[in-house]
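Let's take a friendly walk through this model together. Please have the structure open as you read.

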Amino acid sequence: MTDGINGPSSSAEVPFRSNEQRKQSFVESGGLIGVIDEGTKTIGFSIYTTPDFKEIAAHSVELSVITPQDGWYEQDPLEIMSSINTCAEEAIKQLPDLGYCARNIASIGITNQRETTIVWDAVTGKPLYNAIVWKDIRTSSTVEKIVAKVQDPNYFKERTGLPISTYFSALKICWLRDNVPEVRQAIRKNRCKAGTVDSWIVWNLTNGALHITDVTNASRTLLMNLETQDWDPVLLKTFDIQEDMLPKIHSCSEIFGKITCERCVLRGLTLSGILGNQQASLLGQMCVKPGQTKNTYRSGCFLLCNTGDTPVFSSHGLLTTIAYKLGPNAPTTYALEGSVSVAGHALSWLQNKVRLLPDSKEAEKYAEAVPTSGDVYFVPAFTGLYAPYWSQTARGIIIGLTQFTRKNHIVRAALEAICFQTRDILECMHQECGHEINKIHADGKLTTNSLLMQLQADTAGLPIFRSQLMDSTAFGAAMCAAQADGINLCKFEPEKRYYENVHYDTFLPTTTEQEREERYGKWKRAVERSLGWVIKQKKTRASTEFYHRLLSSLPASIFLMSSFAMMVHSVSMVKS
C-alpha cells in the first residue's frame, strides 16, 4: 500500500479551486450545504462549507430493519423521518462552536437508498405499510409469472436498462397493491402515493406540497423510460400502476422548493439536490469521465462505471442506469452498474448468526492470522445472486472445508468473496463499457479494512484507490446541491485542471496473472454449485391424492367446522 495524492492524470480530480481562489470564493458566498444521507443501515445529516466542501458537522443514527419472514426486509417510514429530524438537530447544534448558525445553510441535498419503496395516504400523509427494502425478495413469484408471460427476463431492458427482478420498485408496488387492503382502498379512492425514499422525504419536508423524484432514483424503478426520462406508458400498463400515484421526475440538481414542515429544524431552507446513494458516490469520487469506475463497500457492493452521454446496454447481466443529470437543461450522464447483494452483511452474519466473529470490525485481524483461506470458498448467496448471475434460486455455500480449516480461514474467505463478486462484475464491464478500466476508486465503511483492499487489488489485478473521505456519498450530494442554478455555491467543471486532488491510499496488485486466474476459476466453480438450490415444489397427482385421503380421514364435524371457517375467511377477503 502507498499513501499519497494522485497526480493530475488521475480520475480523482475534484472541484476544489486553488487556496487563494477558494478563500476568495468562500468570502463571497459564505454558504453552507446540508446533506440528508439516508442509507439502508444508517441515517445521517452532514454540513459542508463551500466551495472547499469540508465537512464541519455531522450526526448519524442506526436505522432498524424489520424481517417478518426469511428474505423479507422492511423499515418504518416514520422512523426514517424522525431519524432525519434528530440528525439535523444534533448536527446544527454543533455549528455555534464553529462560528456558524442554521441561517448559514444555503441549501439541502438528499441522497438515499435506492429501489426501497414506500406507499402512503395523500390525505393523511401516513404510510400504508412499511417501506419494502431493495434487497427484499417477497416478489419472487410475481417475477416468475411475468417472465413466464414475456418469455425473457430482459424483455424491458431496452426501455429501462433493467431486467425483471425483485430488486426494483415496480414489483414492490404490485405486491403492496395485491396484498395490503389499505393500499387497494387508497388506490380506489385516488389517495395512494408511491415512491422511493427520496420522494417520501421530500413529501414530508414540504407538507405534501411536492411529490417528486430525480432521474437517478426513477431509473431504478423499472417504470422509467431511459430515452424519454419519464414514466413509460407500456410499463405502467404492464404492471397496472396509475401514473398519478408516482412522483414527477426532475433532474438531480435544481431548486425544487422550500422545506415547510413546522416540526423540522430545516424549515425555510431550500431543497436543491437529489441523488441515489450510489450515483452520489460516483460523483463524489469524481468519476466524471467515461471509463472511470468506483466501488462502494457496505452491506452490499455497488460498482458503477461512467459510460458518458450514451447508455450502454449489457448482454452480461449489468444494469444500465443514469449516473447524474446536473440541471434541467444539462446533458444526462449514464453508467453501467453491477450490484452485490451481500458484502459486509456476510461479516455481520459471521458475527450474529454463526458466532465465528466477536465483532465484524475485527474481521481484518482474524483474517490476517492465516496467510490464505486454505482453499475455502464462501458464496454468500443468502437471497440469491445479483449481477451478473441474477439467480433467485441460488443459496449460500461454504466449500473446501478440511479437518485443518479454522474460523480464520472462513473469515478470510468471506473477505475474498466480496472481492470475487466485484471481479465478476468487472469482467463484464471490461467487455461492454467501451472504455479502458485501469483502476477502481473505493469508498464505504468496509474500506477501512486494509486487508480487504489489498485482496481486491490482488483479485482484480487493478490498483485500488481508497478515498480518505471513506464515504463519498454525502460529499457527492453536497456538490450536486451546491452547484444548482440559483444556489451557485460551486461550479462543476471537471474538465479544468486547476482543481486540487483528493487524498487517497493506493493498493497495488501483488499476485501474478496465473495465480489470479487459478483462484478465480475455483470461485466460479463454487458459484456454479450454489445455483439452482431452491426448487419450487410442484403439485403432483400423488400429493393431490394424499390430500384427499387426509381429508377423508377427518371426522365429519371437524371437516364441516374447518370448511365453514374457510368460507367466512373468503367472504371477508372479497369484501376487503
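Helices (H or I, at least four residues) and strands (E, at least two) are DSSP runs, numbered from the N terminus. This is a predicted model, where local features need pLDDT of at least 70 and side-chain atom pairs count only at pLDDT 80 or more, while totals for chains, interfaces and linings use all residues. Residues are numbered from 1 along each chain as its sequence is written, and side-chain values use heavy atoms, with hydrogens and water left out.

A pocket is found on a 1 Å grid over the protein atoms alone, as an open set of points where a 1.4 Å probe fits, with protein on both sides within 12 Å along at least five of seven lines; its lining residues have an atom within 4 Å of a point. The second largest pocket holds about 290 Å³ of space. It has 22 lining residues, and Pro153, Ile164, Trp390, Ser391 and Gln392 are the closest to its centre. Helix H3 (residues 140-150) gives the most to this lining, with 3 residues.

Next, look at helix H14, which spans residues 450-460 and has 10 of its 11 residues buried (buried means under 20% relative accessible area, with a 1.4 Å probe and protein chains only). Among the buried residues are Leu451, Met453 and Asp458. At the helix start, a side-chain oxygen of asparagine 449 comes to within 3.2 Å of the backbone nitrogen of leucine 451. Just after H14, glycine 461 has a positive phi of about 70°.

Now move to the loop between strand E18 (319-324) and strand E19 (333-340), where leucine 326 is found. Why does leucine 326 count as buried? Because its relative accessibility is 15%.

In strand E19 you will find threonine 333, which is buried, with a relative accessible area of 12%. Leaving out residues up to four places away in sequence, threonine 333 touches Asn306, Gly308, Ile322, Ala323 and Tyr324.

Finally, the cysteines. How many disulfides (pairs of cysteine sulfur atoms within 2.5 Å) does a search of the whole structure find? The search finds 0. Cysteine 264 is in no disulfide, and the nearest cysteine sulfur, that of cysteine 261, is 5.7 Å away. Cysteine 264 counts as buried because its relative accessibility is 5%.

Conventions: Buried means under 20% relative accessible area, exposed over 50%, partly exposed in between (1.4 Å probe, protein chains only). A polar contact is a pair of N or O atoms within 3.5 Å; within protein, one must be able to donate a hydrogen and the other to accept it, and residues adjacent in sequence count only if both atoms are side-chain atoms. Grid points are joined across faces, edges and corners, and a volume is the space filled by probe spheres set on the points. Contact means heavy atoms within 4.5 Å. A disulfide is a pair of cysteine sulfur atoms within 2.5 Å.
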